[in-house]
Amino acid sequence: MGKLTIGCFSSLVGSLTLDFAVKLAEAAIKKGHEVDFWLSGNATMLAKKNQSKFRDYSHLAETIKELLGTGRFQITMCEACGKARGIQEEDVMEGFQIYSMDWYLASIYNADRLVHIGGE
């Protein structure tokens with residue numbers, strides 16, 4: 001099996017790019033692939049711990065926890081994007097990494113496939 005790197009560059013409120021990117025990662029993991037998942041821009045909000053689940057509103061925290069439990073999934077938040085949104089290390093869910101764009105570039109270099117999602 002191969003390694004897929006997904007870069008999620010989610011836009012403002014109302015975008016489903018983050019939901020799509022997580023579903024893509026989930027499908028790749030189920031097929032036996034490894035996934036490196038990069039959160040940039042507003043997608044960094046996925047890293048916040050203590051998120052509330054509302055009916056008819058996207059809630060991805062449980063899915064991310066399940067993916068992390070597979071051992072074939074890494075999720076990393078852009079350090080600068082997170083800090084710009086007030087997300088500190090102590091605010092981040094367990095299992096998330098926080099790095100600069102260098103991590104993403106290294107992941108791309110070692111990946112079999114790369115998908116950029118969002119940025120509209």
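**Entry 1: strand pairing.** I count two strands as paired if DSSP finds at least two bridges between them. A reminder to myself: this is a predicted model. I began with Met77, which stands opposite Ile98 in E4. Another partner I looked up was that of Ile75, and in E4 it is Phe96. E3 and E4 pair in the parallel sense, over 4 bridges. I then followed the chain from E3 through helix H3 (residues 79-84) to E4, and found this β-α-β crossover right-handed.

**Entry 2: the other neighbour of E3.** I turned to E2 next. E2 and E3 run parallel and are joined by 5 bridges. One pair I noted is Trp38 with its bridge partner in E3, Thr76. Together with H2, the strands E2 and E3 make a right-handed β-α-β unit. I also asked myself how many of the 6 residues of E3 are buried. The number is 5, so E3 is largely enclosed by the rest of the structure.

**Entry 3: the inward side of H2.** Which residues of H2 are buried? I found Ala61, Thr63, Ile64 and Leu67 on that list. They cover an arc of only 160° around the axis, so they are on the same side of H2. I then checked what this side meets: the buried residues of H2 pack against helix H1 (17-30), strand E3 (73-78) and strand E4 (96-99).

**Entry 4: salt bridges.** My count came to 2 salt bridges. In the pair I opened first, the side chains of Asp36 and Lys3 meet, with 3.0 Å from N to O. This pair links distant parts of the chain: Asp36 sits in strand E2 and Lys3 in strand E1 (residues 3-10), 33 residues apart. Are the two partners, Asp36 and Lys3, buried or exposed? I found both Asp36 and Lys3 buried.

The other pair is Lys65 with Glu62, whose closest N and O atoms are 3.8 Å apart. I noted that the cut-off for a salt bridge is within 4 Å. Lys65 and Glu62 are 3 residues apart in helix H2, so about one helical turn separates them. Lys65 is partly exposed, its relative accessible area being 46%. Glu62 also counts as partly exposed, at 43% relative accessibility.

**Entry 5: the loop between E2 and H2.** Two residues of this loop went into my notes. Thr44 has its place in the loop between strand E2 (34-41) and helix H2 (61-68). Why does Thr44 count as buried? Its relative accessible area is 0%, and buried means under 20%. Leaving aside neighbours within four places in sequence, I listed the contacts of Thr44 as Leu39, Met77, Cys78, Cys81, Gly82, Arg85 and Ile87.

Asn50 is found in the loop between E2 and H2 as well. Here I stopped at the backbone: Asn50 is not a glycine, yet its phi is positive, about 60°. Asn50 counts as exposed, at 72% relative accessibility.

**Entry 6: nonpolar cores.** I finished with the cores. The largest one has 27 residues, and those with the most contacts inside it are Leu18, Phe37, Leu46, Phe73 and Phe96. Each of E1, H1, E2, H2 and E3 supplies at least two residues of this core. Which element gives the largest share? I found that it is H1, with 6 residues.

I took a further look at Phe73. With neighbours within four places in sequence left aside, Phe73 is in contact with Ala25, Ile29, Val35, Phe37, Ile64, Leu67 and Leu68.

Definitions and conventions
Residues numbered from 1 in each chain as written. Predicted model: local features only at pLDDT ≥ 70, side-chain atom pairs only at ≥ 80, totals over all residues. Heavy atoms only, no water. Buried < 20%, exposed > 50% of the residue type's maximum accessible area, 1.4 Å probe, protein only. Contact = heavy atoms within 4.5 Å. Arc of directions from axis to C-beta. Right-handed = clockwise from strand over helix to strand, strands pointing away. Core = buried A, V, L, I, M, F, W, Y, C linked by side-chain atoms within 4.5 Å.
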